[in-house]
Amino acid sequence: MSENKRKIVEMLAQGKISADDAYRLLCAVDTGSGERSGGERTDTGNKGTGVKSKPKYLRVTVTPGEHADPAHAERVNVRVPMSLVRAGIKLTSLIPPEALDKANNALRDKGINFDVRSIKQEDIEELVEALGDMQVDVESARGENVKVFVE
Amino acid sequence: MNWPPMLMHVKVKNRKSDFGIWLPLFLLWPLALVVLIILSPLIIIATLILLGLGQGRWVEWGFRCLWVAITSSWALRGLEVDVQGRNETVQVTVI
């Protein structure tokens, strides 16, 4: 047990802080040590603390709604490892420069002034990390529920 | 350490048939390594020729393709696809 954790437990035993406060402090200590050791976020299993786990899978599910026609009730459940998503993004490095120029021109024509070649590895990592906050929930006119989320 | 995919399970179920197969991917990795070792002299010769001709970008592109292919197949572990239609079900699981 680290010195900080010992102090928190002692403060709890002495009644100086509540159990909730102690829990929050212990989570904060864990998060701090996790960031120092590897820069990764740690999972405490408590969403209320604001600490998130590293996304592992991208999940896409399609489920028929309650009022969907059973004859056309289709279910889709796809789980894609985030490592595969990263590898897929890396495929962009195989695109020939001529094609990238065309893509940039097409984007410029649409009013988007963005250079595709400026995407770096760090940006990709940041993007994948940010996917953890993404959740798409669509209910179609046919009553199907489409969900895209990260777990 | 991330392990490569070891097994792939493919299952197709419809009115006529119920077909499922386990593919031992772990047997492919040593095979791929042997093929790579056998082909390595040719790869080295092709690399030297291309570099000599001033076509280094093709060498770089080729190695990049190889690296992406390896990392992509390595990252397949954990992939699950499950599609259930009215008459047909398709499941693919990579373990």
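Helices (H or I, at least four residues) and strands (E, at least two) are DSSP runs, numbered from the N terminus. This is a predicted model, in which local features need pLDDT of at least 70, side-chain atom pairs count only at pLDDT 80 or more, and totals for chains, interfaces and linings use all residues. Residues are numbered from 1 along each chain as its sequence is written, while chains are lettered from A and ligands numbered from 1 in the order in which they are written.

**Figure 1. Chain A and its elements.**
Chain A holds 5 helices and 4 strands. Read from the N terminus, these elements follow the order α-α-β-β-α-α-α-β-β. Of the 151 residues in chain A, 6% are buried; a residue is buried if 20 or more other C-beta atoms lie within 10 Å of its own, exposed if 12 or fewer, and partly exposed in between, with C-beta atoms placed from the backbone. Two residues are in contact if their C-beta atoms, placed from the backbone, lie within 7 Å. Among contacts in chain A between residues at least 6 apart in sequence, those joining residues at least 24 apart make up 44%.

An open sheet of 8 strands has the order 3(A)-4(A)-1(A)-2(A)-3(B)-4(B)-1(B)-2(B), and its pairing is antiparallel. Two strands pair if DSSP finds at least two bridges between them. Strand 3 (135-139) of chain A and strand 2 (18-24) of chain B stand at the edges with a single partner strand each, so one side of each has no neighbour in the sheet. From one strand to the next, the twist averages 5°; axes are lines fitted to C-alpha atoms, for helices over the stretch in contact, and angles run from 0 to 180 degrees between N-to-C directions.

Strand 3 of chain A is joined to strand 4 (residues 144-150) of chain A by 5 bridges, and the two run antiparallel. Gln135(A) has Phe149(A), in strand 4 of chain A, as its bridge partner. Helix 3 of chain A packs on the sheet, where it touches strand 1 and strand 2 of chain A, and its direction makes about 75° with that of strand 2 of chain A.

**Figure 4**
Strand 1 (residues 7-13) and strand 2 of chain B pair in the antiparallel sense over 7 bridges. These two strands of chain B form a hairpin with 4 residues between them. Val12(B) stands opposite Phe19(B), which is in strand 2 of chain B. Strand 2 of chain B is hardly covered, as the count of buried residues among its 7 residues is 0.

**Figure 2. Where chain A touches chain B.**
The contact takes 19 residues from chain A and 18 residues from chain B. On the chain A side, the elements that give two or more residues are strand 2 (75-81) and helix 3. Strand 2 of chain A gives the largest share of that side, 7 residues. By class, the side of chain A that touches chain B has 11 nonpolar, 4 polar and 4 charged residues; Ala, Val, Leu, Ile, Met, Phe, Trp, Tyr, Cys and Pro count as nonpolar, Asp, Glu, Lys and Arg as charged, and the others, Gly among them, as polar. Strand 2 of chain A pairs with strand 3 (residues 80-84) of chain B in the antiparallel sense over 5 bridges. Within that pairing, Arg79(A) has Glu80(B) as its bridge partner.

**Figure 3. Helix 3 of chain A against helix 2 of chain B.**
The axes of helix 3 (residues 82-90) of chain A and helix 2 (residues 56-74) of chain B come within 8 Å and cross at roughly 160°. That makes the two helices roughly antiparallel (angles under 35 degrees count as roughly parallel, over 145 as roughly antiparallel, 65 to 115 as roughly perpendicular and the rest as oblique). Leu84(A), Ala87(A) and Lys90(A) in helix 3 of chain A meet Val68(B), Thr71(B) and Ser72(B) in helix 2 of chain B. This contact has 3 nonpolar, 2 polar and 1 charged residues. The buried residues of helix 3 of chain A are Met82(A), Ser83(A), Leu84(A) and Ala87(A). Their cover includes strand 1 (57-64), strand 2 and helix 5 (121-130) of chain A, together with helix 2 of chain B.

**Figure 4. Arg64(B) in helix 2 of chain B.**
Arg64(B) lies in helix 2 of chain B. Arg64(B) counts as partly exposed because it has 14 C-beta neighbours inside 10 Å. Leaving out residues up to four places away in sequence, Arg64(B) touches Ser93(A) and Leu94(A).
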